[in-house]
Amino acid sequence: METTTIREPVSASKSKIKEMKTKLKKSRQLYLFVLPAFLIILIFSYGPMYGVIIAFKDYMPSLGIFESPWVGFKHFQRFFDSYYFWDLMKNTLGISLYSLIVGFPLPIILALALNEIKDGPFKKITQTVTYAPNFIAVVVMVGMVIAFLSPSTGIINHFLDFVGVGRINFMTEPRWFKTIYVLSGVWQGTGWGSVIYLAALSGVDTQLHEAATIDGASRLQRVWYINIPTIMPTMVILLIMSFGSLMSVGFEKIILMQNPLNMESSNVIATFVYQQGLLDAQYSFAAAVGLFNSLINSILLILVNGIAKRLSDSSLL
């Protein structure tokens with residue numbers, strides 16, 4: 001009996017190893033195909049993660065990461081106790097939630113509208129016009145926004161002056177910053193965001209629409225009861241991913257639009273980390289703020305994923 005109990009796990013483990021080797025041999029071409037991407041992620045994403053420990057140290061380049069003195073949560077406490085903590089949180093969450101509320105439904109609406117248009121020149125032109133802004137570089141796009149909103153030569157101010165409203169210096173007034181950031185992002189990303197939903201809508205069974213038409217359903221009813229339920233899993237997944245990056249406001253765009261006069265509304269965690277880490281050389285403090293930001297994103301991702309899993313069958317994890 002004892003001999004049997006010892007040999008059975010050994011033979012089972014050997015058979016599993018043999019089965020794994022067989023699978024690897026059969027799928028070696030696929031694994032070789034994935035290998036470069038795996039190595040890139042391993043080297044450039046996971047490899048540098050050990051450096052996060054400088055958030056818990058007073059990092060000095062002359063001593064190196066491991067020789068620098070350990071200070072625990074000193075830098076986190078400093079950030080939480082600072083007078084600018086709540087301003088940064090308010091601006092970051094304000095811009096992110098504003099972008100989510102305005103920007104998330106629009107690609108869905110555009111995809112549903114494009115799906116209802118028959119194939120032809122009008123549909124192709126509409127798709128091209130809505131997709132094109134996505135391929136404009138952020139620097140060029142911000143330059144266009146500044147040019148359009150210029151108080152002296154901008155087309156928007158020319159129009160406001162023509163209708164009697166008067167010229168507004170949009171880029172120097174803090175109250176306009178969030179709206180400009182969000183609307184320019186919507187203009188640039190809505191068309192491209194609708195591609196995913198159009199791909200999901202292409203899987204709708206035409207027989208469902210034919211049956212609904214025979215039963216007397218209107219076009220709006222078919223959209224509501226057939227198209228929207230079809231793309232609902234895609235909507236849930238993208239919503240979860242959006243919440244997972246809620247605190248990660250686009251750094252490049254904000255830093256390009258930022259100036260001393262709109263700093264009240266434009267200073268977010270990403271720009272603060274850039275200023276503290278690269279400009280002021282406070283590496284440990286900047287690492288602590290960045291780690292806090294990533295931790296909040298991770299918590300939001302897990303929470304929203306859990307809620308989605310409870311309310312629907314779609315989730316990331």
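This is a predicted model: local features need pLDDT of at least 70, side-chain atom pairs count only at pLDDT 80 or more; totals for chains, interfaces and linings use all residues.
Local features need pLDDT of at least 70, side-chain atom pairs count only at pLDDT 80 or more, and totals for chains, interfaces and linings use all residues. Residues are numbered from 1 along each chain as its sequence is written, and side-chain values use heavy atoms, with hydrogens and water left out.

The structure holds 5 salt bridges. The term means a side-chain nitrogen of Lys or Arg within 4 Å of a carboxyl oxygen of Asp or Glu.

Take Lys74 and Asp58. Their side chains meet in a salt bridge at 3.2 Å, N to O. Lys74 sits in helix α3 (residues 74-81), and Asp58 in the loop between α2 (28-46) and α3, so the pair ties together parts 16 residues apart in sequence. Helices here are DSSP runs (H or I, at least four residues), numbered from the N terminus. Lys74 is partly exposed at 44% relative accessible area. Asp58 is partly exposed too, at 25%. Partly exposed lies between buried (under 20% relative accessible area) and exposed (over 50%), using a 1.4 Å probe and protein chains only.

Next come Glu116 and Arg219. Their salt bridge spans 3.4 Å, N to O. Glu116 belongs to helix α5 (residues 105-116) and Arg219 to helix α11 (residues 219-244), so this pair ties together parts 103 residues apart in sequence. Glu116 is partly exposed, with 21% relative accessibility. Arg219 is partly exposed, with a relative accessible area of 48%.

Then there is Asp119 with Lys123. The closest N and O atoms of this salt bridge are 3.3 Å apart. Asp119 is exposed, at 72% relative accessibility, whereas Lys123 is buried, at 11% relative accessible area.

Terms used: Helices (H or I, at least four residues) and strands (E, at least two) are DSSP runs, numbered from the N terminus.
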